[in-house]
Amino acid sequence: MLNNSLFDHKTNNGKDEKLLLLKKARLFQNFTDDELLLLLENSDYYLKECKKGTELYPPDSAISHAGIILSGEVDVLHISVTGDEEIVGRNTDGDIVGPAFCITGMTNNLSHYRVIRNSKILFLNINSLLLNPVNKSYYTKFVTNITTILARNNIILNRKIQLLTQKSLRKKLLTYFIQLSKERDNKAFTLSFTREQLAQYVCSERSSVCRELGKMQDDGLIKVDGNMITLSSQGRAFYLQ
């Protein structure tokens, strides 16, 4: 059952915080208020407030409920047998974690889902909704949205593969920066990663990443101002070599 003390509040203009939060989620795009309420009435779900550092799912466990991030951030990590961590991706407000495992019923022996900022997460049994449609209107939207999310996740993973197949650290960093530049349609963008996290994302060491960023700036490929990165035309040209 839902913990109302965490969820049912009114905003300053009197609107239901529950619906405002849910409508930010990719899974509920284009839902009306009535459709959202009907979906909740016919769903197996619960809400949790998760503190920074929480592992959402135990290792080697089945994921019965995918996590919809209403507020906060969750990293997806792969951890080697030696304890080295690689950041696969970062999920923020409106994103969903674990949907593929939830839908297929496969045991998660691959990924760790770690909360990196205190988060409010709705855990939803997606399969129960897919197998037991109640309302044709919201069911069609739900299937469309979950399909789009899974396709988008596949594209994100392919971008990560593109990055990891680059032969040098410089090319890996440039690949990531160009991806971000295209995504935000701007040659200047702010990294959401710390230097340590950026190193984990490109599978390198923090010292190597910091050193390479300095060299790339000296060579005129990028401009670095804290977490603000600006790609130069030279940087784009170097990437295409």
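Reader: Is T175 buried or exposed?

Author: T175 is buried, at a relative accessible area of 1%, where buried stands for under 20% relative accessible area, exposed for over 50% and partly exposed for what lies in between, with a 1.4 Å probe and protein chains only. Please keep in mind that this is a predicted model, in which local features need pLDDT of at least 70 and side-chain atom pairs count only at pLDDT 80 or more, while totals for chains, interfaces and linings use all residues. Residues are numbered from 1 along each chain as its sequence is written, and side-chain values use heavy atoms, with hydrogens and water left out.

Reader: Which helix is T175 in, and what does it touch?

Author: T175 is found in helix α7, residues 169-184; helices (H or I, at least four residues) and strands (E, at least two) are DSSP runs numbered from the N terminus. Leaving aside residues up to four places away in sequence, T175 touches Q162, L163, Q166 and Y239, a contact being heavy atoms within 4.5 Å.

Reader: Switching to α3, which of its residues are buried?

Author: In helix α3, which spans residues 33-41, the buried residues are E35, L36, L39 and L40. Seen down the axis of α3, they fall within an arc of 135°, so they line one face of the helix; the arc is that of the directions from the helix axis to the C-beta atoms.

Reader: Why would such a spacing put residues on one side?

Author: An α-helix has 3.6 residues a turn, so residues three or four places apart point the same way.

Reader: And what covers that side, and what sits on the face turned away?

Author: The cover over the buried residues of α3 includes α2 (17-22), β1 (45-50), α5 (126-131) and α6 (136-164), whereas the face turned away from the buried side carries the exposed residues D34 and E41.

Reader: What about the whole chain, how many helices and strands are there?

Author: The protein chain has 10 helices and 10 strands, and buried residues make up 44% of its 241 residues.

Reader: What is the mean pLDDT, and where is it below 50?

Author: The mean pLDDT, the predictor's confidence in each residue from 0 to 100, is 89 for the protein chain, and 93% of the residues reach 70 or more. Over residues 1-6 the pLDDT is below 50, and pLDDT also stays under 50 over residues 9-14. Where pLDDT is low, the predicted coordinates should not be read in detail.
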